Amino acid sequence: MEEIDNLAGLTDTVRSLCLSSSSQNTLFACCSEIVAYDLETKQQVYQLKQHKKSIYALAEDPSSSLLFSGSGDSLIKTWDTRTKECVRTYTEHKSTVRTIICEDSSIITGSFDATIHKIDLRTHKILFSILPSLGNINYLLTHGKEMFVGCDKGFQVYNPENGKLIEDIRGQRGGIISLAFHEATLYSGSTDGSMKAWIRSNSAKQSSWKCIWTEVHETPVARLSIIPYSNHLVSASNDIKIWDIQGQYKLEEVKGAHNAPIRSLLSCPPLDSSSSSPYNIISGGQDCSVKVWKVNV
């Protein structure tokens with residue numbers, strides 16, 4: 001794995017990254033503001049500023065030009081990326097908004113106030129609210145008719161349509177701060193440094209999910225990303241590791257990928273169409289930097 005770009009000009013920890021669905025060359029990085037980069041020219045093209053504290057979550061509605069941000073000021077802001085304006089602010093949470101996902105004509109948000117809200121983007125009303133029993137909300141992931149919620153004391157599975165609890169899943173000592181799904185397997189990253197793979201079990205025990213694979217990192221596993229159209233998983237802590245999840249072994253590792261812990265990560269098709277690399281990895285760190293990596297495995 002080779003570093004091919006280091007995007008400059010950021011002033012705070014990069015806690016979330018989002019590639020624009022309308023323009024593959026536009027990357028949104030959030031720290032104390034949202035910075036839009038043109039990945040072709042490697043230049044900042046604009047900034048979105050209104051939050052009073054650091055931004056932790058970004059999500060884009062692929063069917064529109066709307067971008068959503070969640071912050072330590074407890075607010076969720078809706079941005080029109082065409083006009084570069086904030087068009088709405090949601091005030092439903094009482095603490096840091098850590099995670100946002102878009103679902104059809106709604107967003108689902110999770111916060112350090114230990115609540116989850118699903119908000120209808122047409123009426124702007126709350127469709128349901130959840131108060132999980134496992135502590136603060138760190139990460140949300142939907143897959144089909146299930147929503148996986150990473151909390152301080154484990155993770156839970158809910159129905160994303162009505163907010164009904166399906167089950168609790170425990171088995172990692174630390175808080176669950178990252179999740180990914182590939183085929184029939186769920187992957188979780190924890191503050192205890194462990195990364196686990198889970199599959200459904202036909203056992204009569206209380207939980208229908210069982211752990212089939214564990215890897216240990218030296219520091220919290222802040223982010224997980226499935227490589228599109230592959231059997232590869234990327235994990236980020238202080239280092240970046242690429243895993244073959246079919247064979248359950250490590251393919252590649254970059255130690256000290258950033259000068260401080262990594263806080264955000266995504267994978268995507270090669271940004272340079274002439275590149276021989278099958279995909280790129282983009283990482284954001286506590287060192288206020290965003291790096292683009294060429295991967296050859």
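Select Leu-179 to start: at 2% relative accessibility, Leu-179 counts as buried. Here buried means under 20% relative accessible area, exposed means over 50%, and partly exposed is in between (1.4 Å probe, protein chains only). Before moving on, note that this is a predicted model, in which local features need pLDDT of at least 70, side-chain atom pairs count only at pLDDT 80 or more, and totals for chains, interfaces and linings use all residues. Residues are numbered from 1 along each chain as its sequence is written, and side-chain values use heavy atoms, with hydrogens and water left out.

**Around Leu-179**

Leu-179 belongs to strand S18. Strands (E, at least two residues) and helices (H or I, at least four) are DSSP runs, numbered from the N terminus.

**The whole chain**

Zoom out and colour by secondary structure. The protein chain has 28 strands and zero helices. Its radius of gyration is 18 Å, close to the 19 Å that the globule rule gives for 297 residues, so the protein chain is as compact as a globular protein of that length. (The radius is taken over C-alpha atoms, and the rule is 2.2 Å times the number of residues to the power 0.38.) The C-alpha trace spans about 55 × 45 × 30 Å along its principal axes, and 58% of the 297 residues count as buried.

**An aromatic pair**

Show the side chains of Phe-181 and Trp-209. Rings of Phe, Tyr and Trp (its six-membered ring) pair if their centres lie within 6.5 Å; planes under 30 degrees apart count as stacked, over 60 as edge-to-face and the rest as tilted. The count by this rule is six aromatic pairs. Phe-181 and Trp-209 form an edge-to-face pair, with 6.4 Å centre to centre and 85° between the planes. Phe-181 lies in strand S18 (residues 176–182) and Trp-209 in strand S21 (residues 209–216), so the pair ties together parts that are 28 residues apart in sequence. Both Phe-181 and Trp-209 are buried.

**Charges over rings**

Next, select Arg-15 and Tyr-56: Arg-15 lies over the face of Tyr-56, at 4.7 Å from the ring centre. A charge sits over a ring if NZ of Lys or CZ of Arg is within 6 Å of the ring centre and within 35 degrees of the ring normal. Lys-84 lies over the face of Tyr-46, also at 4.7 Å from the ring centre.

Most residues other than glycine have a negative phi. Select Lys-42, which is not a glycine but has a positive phi of about 65°. Lys-42 sits in the loop between strand S4 (34–38) and strand S5 (43–48), and is partly exposed, with a relative accessible area of 31%. Then go to Asp-104, in the loop between S10 and strand S11 (106–111). Asp-104 has a positive phi of about 55°, and is exposed, with a relative accessible area of 68%.
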